[in-house]
Amino acid sequence: MPRPTLPALLALTLGAAPALAQMPDGITSFTLPNGLETVVIEDHRAPVVVQMVWYRNGSADEPPGKSGIAHYLEHLMFKGTDTLEPGELSKTVTANGGMDNAFTSSDYTAYFQRIASDRLPLVMEMEADRMANLRIGEDDWQAERQVVLEERAQRVDSDPGALFSEERNATLFYNHPYGRPVIGWRAEMEGLTRDDALAWYDDHYSPNEAILILAGDVTPERARELAERYYGPIPAKGEAAPRVRPQEPTQRAPRRMQMTDPRVPQPVMTRSYVAPERDPGDQTDAAALTVLAELLGGSMQTSVLGRELAMKGKALWVNAGYDGLSVDPTSFAVSLVPADGIAPDEAEAELDKVLAAFLETGPDQADLDRVKTRIEAARVYTLDSAHGRAYDYGQGLATGLSVQDVNDWPDILAAVTVEDVARAARQVLGGKASVTGWLLPPPAEDPAETPPPAMPAAAPGGAAPAPTDTPAAEVQG
Amino acid sequence: MIRAVIAVFFAALAVPAQAIDIQEVTSPGGIKAWLVQDDTIPFVAVEFDFRGGASLDQPEKRGAINLMTATLEEGAGSRDSVAFAQAVEALGARFSFDVGDDTLSVGVRALSENRDEAAALLAEALTQPRFDDAAVERVRAQVQSIIRSEATDPQSIAAREMARQAWGDHPYATSINGTAESVSALTRQDLVAAKNRVLARDRVVVGAAGDITPEELGLLLDQVLGGLPERGTAPLPEPADLQLTGGVTVIDWDSPQTVVSFAGPGLAIDDPDYFAAYVANHILGGGGFSSRLMEEIREKRGLTYGVGTGLATGVYGQTWQGGMSGSNATTGQAVELIRAEWDRLAQGVTDRELNDAKTYLTGEYPLRFDGNGKIAGILAGMQVIGFPIDYVNTRNAKVEAVTADDVKRVAAKLLRSDGLRFVLVGRPEGVTATDSQPTN
């Protein structure tokens with residue numbers, strides 16, 4: 001992407017978006033008459049292309065009692081159409097040297113294929129087909145419901161960290177559906193039916209509720225020609241419904257919770273706060289929070305929590321996390337694992353002290369400068385992966401941003417000031433909308449006498465390949 | 001600093017042909033590297049792989065090479081941990097230090113505008129690491145924490161037991177992390193000795209991709225590696241004898257699911273039947289949603305979220321292995337299905353299966369080369385395995401040449417369920433252990 005020009009930066013500091021902003025090199029976008037918004041990201045270094053179709057629906061759009069339906073439907077989207085047998089889409093992609101998968105989050109459901117660029121028409125034809133002509137056979141829906149239940153058992157029920165995270169999330173968002181797990185609550189998943197899935201599909205799968213991203217070895221002209229050919233004929237199912245979900249009320253009481261599980265090897269604390277998200281034309285607070293997460297936890301040696309806790313022997317690990325790509329207010333989290341010999345309450349008290357001091361004094365300019373250097377370098381490294389950039393645009397557009405908002409983001413990040421970070425930190429970390437959770441091992445009878453556990457060894461070659469590659473916090477089919 | 005990473009190294013390295021031009025570069029000091037030059041984006045990615053990896057640990061110092069590797073970036077020359085990290089950040093450079101059973105990998109991404117400064121910092125990390133007491137203690141505590149975590153992770157427990165049964169006295173049989181005892185006993189002197197065993201010019205291979213000329217790369221090679229000893233103090237590891245026997249091992253673990261891990265004999269990458277096995281594996285369990293195991297266990301019966309197999313082609317020892325997780329109640333059924341499919345491949349594959357496998361394996365191959373970072377890693381990996389530089393142009397023909405008879409032959413030789421060892425971690429039903437339970 002180009003460096004920010006002086007006029008663009010001035011426009012940003014004045015709070016006005018450039019009226020006729022230029023697209024970054026290699027990025028184009030257009031919208032088909034049926035409402036399908038399309039972004040093309042060119043990278044002709046290798047004969048590879050990625051097609052992604054993102055639907056503006058996710059678990060936060062589900063009706064009460066049907067948690068997991070968005071993700072379950074994602075699985076069923078592989079079960080065929082009028083012209084494709086169950087499983088045929090994936091098999092055809094594989095037989096043509098490509099790979100495909102899908103994933104669901106709170107705000108979106110997305111499908112993608114990665115394949116040699118001369119096979120792009122083939123995957124576009126199949127993806128368009130299932131946008132309009134899904135069929136779910138009587139035999140397939142029950143076996144697939146078992147699959148998603150096994151997926152839940154593997155990813156959540158077998159992992160105390162995942163179980164605790166689910167509970168924490170439900171506590172942080174007590175009115176907004178972000179409090180529901182994307183994969184669904186087990187009891188509700190067990191009751192999902194083929195009719196539920198088809199109703200969800202009929203309500204939400206339509207070209208005007210979708211975003212098409214083509215990234216890699218494809219020109220905008222070719223992309224438009226193929227999009228018009230394959231997706232153009234699909235009619236929109238009426239007006240896209242606004243995404244109005246129940247919102248969090250003003251939260252007045254910070255909450256605490258803890259869970260003990262014998263499978264937990266050592267205490268770990270996570271504190272989550274409700275935090276603003278990236279909004280169209282208004283991404284400054286989110287940019288400040290993105291920088292804040294880097295400043296607080298981006299490096300074990302140089303970040304604020306790293307320096308004050310990890311380097312001083314109070315914590316083994318520290319982290320700070322924030323992702324502003326969200327339709328509604330999202331979360332900002334800090335976490336730590338106490339160092340050996342440091343009790344959980346002592347570690348938490350140290351954390352509180354460091355955060356209080358940070359809120360008092362604000363960020364250090366030299367720290368901010370280093371983080372900005374990393375952000376500037378990331379602009380260059382990001383260009384190395386067209387697939388990665390496809391996520392930036394897909395996730396952005398699926399959560400309500402415009403192409404221009406996504407284009408502007410690196411410049412907005414680069415313009416974040418010490419004052420912006422201090423203000424965002426006070427607003428989020430200084431508020432009361434938080435949950436502090438401790439996941440603990442059972443108390444040892446006498447820690448000094450506990451023998452050290454035996455050592456696991458990785459076999460050369462490691463575990464079998466997982467069939468998916470999963471972005472964090474999403475559920476993939 | 002330590003990152004919790006599980007290394008997965010399948011010998012699926014393959015290479016695209018026409019699109020990639022690999023040059024061999026020799027530095028003024030005589031160090032060789034493979035380069036794909038591409039100035040589209042103003043940065044370069046370089047990977048330095050040191051053969052032997054953590055398998056070069058002295059037996060009584062298990063974990064030393066891992067701890068040493070994780071401490072390389074914790075201060076060098078005149079800079080302590082913090083100053084070193086700040087210097088790297090100020091350049092916008094990215095370093096990585098990872099070690100596995102076969103290699104110690106050092107990766108760098110550096111912007112063209114300050115590549116020389118980044119190389120100088122990396123050279124310091126490799127040749128003058130400080131191993132300051134405070135840094136060693138901090139990283140040691142992190143390693144001990146990973147050791148504790150793996151002891152309560154069913155996937156790790158299964159992998160540990162399988163490795164223990166498979167590899168006897170070879171380093172492959174134990175974790176590169178070492179044990180709580182071995183790690184707690186390591187001294188600074190042990191780390192220095194560990195470094196001298198593995199970080200040397202006689203065992204390094206280099207892959208580079210991006211905005212750099214052969215001449216510039218030559219200078220960078222001498223700058224980064226020139227200060228290392230010419231020879232490592234440890235001979236490269238010996239090949240390991242596979243000692244796996246057929247049967248079922250059950251490790252009790254209180255969980256709704258059982259982790260199912262299975263392994264049998266594999267084959268070396270220079271085995272004449274390697275590509276036949278590679279195609280066979282795709283059909284059996286390597287091909288994602290298209291494989292026979294996925295079809296039988298997930299698609300038809302919904303017994304798992306995912307099942308897969310792979311040729312685990314280590315440089316010093318090989319298995320053919322796989323894994324899945326599923327409900328305790330149906331584990332016996334899943335094990336029987338895996339056994340049946342393991343044997344059934346020797347009855348042959350259909351023309352459709354063979355052709356689909358070949359079109360996938362030849363077609364996906366250029367998809368791996370879409371970025372400087374990936375290309376640098378692949379070029380280094382090819383050299384570790386011992387591939388010739390023109391492998392790029394011959395690899396797909398080797399896949400194409402595999403016949404249905406080849407697949408049948410290699411399946412009959414290697415895929416025998418009576419030689420397949422299962423390690424089950426959970427409370428599986430419908431299957432019993434064939435030997436006594438190992439202590440966990």
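This is a predicted model: local features need pLDDT of at least 70, side-chain atom pairs count only at pLDDT 80 or more; totals for chains, interfaces and linings use all residues.

Reply: Is B:Asp435 buried or exposed? B:Asp435 is exposed, because 12 other C-beta atoms lie within 10 Å, and a residue counts as exposed if that number is 12 or fewer. Leaving aside residues up to four places away in sequence, B:Asp435 touches B:Gly247 and B:Thr249. Between the C-alpha atoms of B:Asp435 and B:Asp169 there are 21 Å, the two residues being 266 residues apart along the chain.

The wider setting includes a second chain. In the pairing of the two chains, 64 residues of chain A are in contact with 92 residues of chain B. On the side of chain A that touches chain B, the elements giving two or more residues are helix H3 (88-95), E5, helix H5 (138-157) and helix H13 (365-382) of chain A. H5(A) gives the most to that side, with nine residues. By class, that side of chain A has 34 nonpolar, 17 polar and 13 charged residues.

H5(A) also takes part in a contact with another helix of chain A. The axes of helix H2 (residues 69-76) of chain A and H5(A) come within 10 Å and cross at roughly 125°, which makes H2(A) oblique to H5(A). The crossing of these two helices, H2(A) and H5(A), is right-handed. From H2(A), the contact is made by A:His71, A:Tyr72, A:His75 and A:Leu76, and from H5(A) by A:Trp141, A:Glu144, A:Arg145, A:Val147 and A:Val148. Five nonpolar, two polar and two charged residues make up the contact of H2(A) with H5(A).

Chain A can also be viewed by its domains, namely domain 1 (21-245) and domain 2 (255-449). Taken over C-alpha atoms, the centres of domain 1 and domain 2 of chain A are separated by 28 Å. Across this pair, 32 residues of domain 1 of chain A are in contact with 28 residues of domain 2 of chain A. Among the elements that give two or more residues to the side of domain 1 that touches domain 2 are strand E5 (109-116) and helix H6 (160-172) of chain A. H6(A) gives the most to this side of domain 1, with seven residues. The residues of that side of domain 1 divide into 18 nonpolar, five polar and nine charged.

Notes:
Residues are numbered from 1 along each chain as its sequence is written. Chains are lettered from A and ligands numbered from 1 in the order in which they are written. Domain bounds come from an automatic or database domain assignment. Two residues are in contact if their C-beta atoms, placed from the backbone, lie within 7 Å. Helices (H or I, at least four residues) and strands (E, at least two) are DSSP runs, numbered from the N terminus. Ala, Val, Leu, Ile, Met, Phe, Trp, Tyr, Cys and Pro count as nonpolar, Asp, Glu, Lys and Arg as charged, and the others, Gly among them, as polar. A residue is buried if 20 or more other C-beta atoms lie within 10 Å of its own, exposed if 12 or fewer, and partly exposed in between; C-beta atoms are placed from the backbone. Axes are lines fitted to C-alpha atoms, for helices over the stretch in contact, and angles run from 0 to 180 degrees between N-to-C directions. Angles under 35 degrees count as roughly parallel, over 145 as roughly antiparallel, 65 to 115 as roughly perpendicular and the rest as oblique. A crossing is left-handed if the near helix is turned anticlockwise from the far one by less than a right angle, and right-handed if clockwise.
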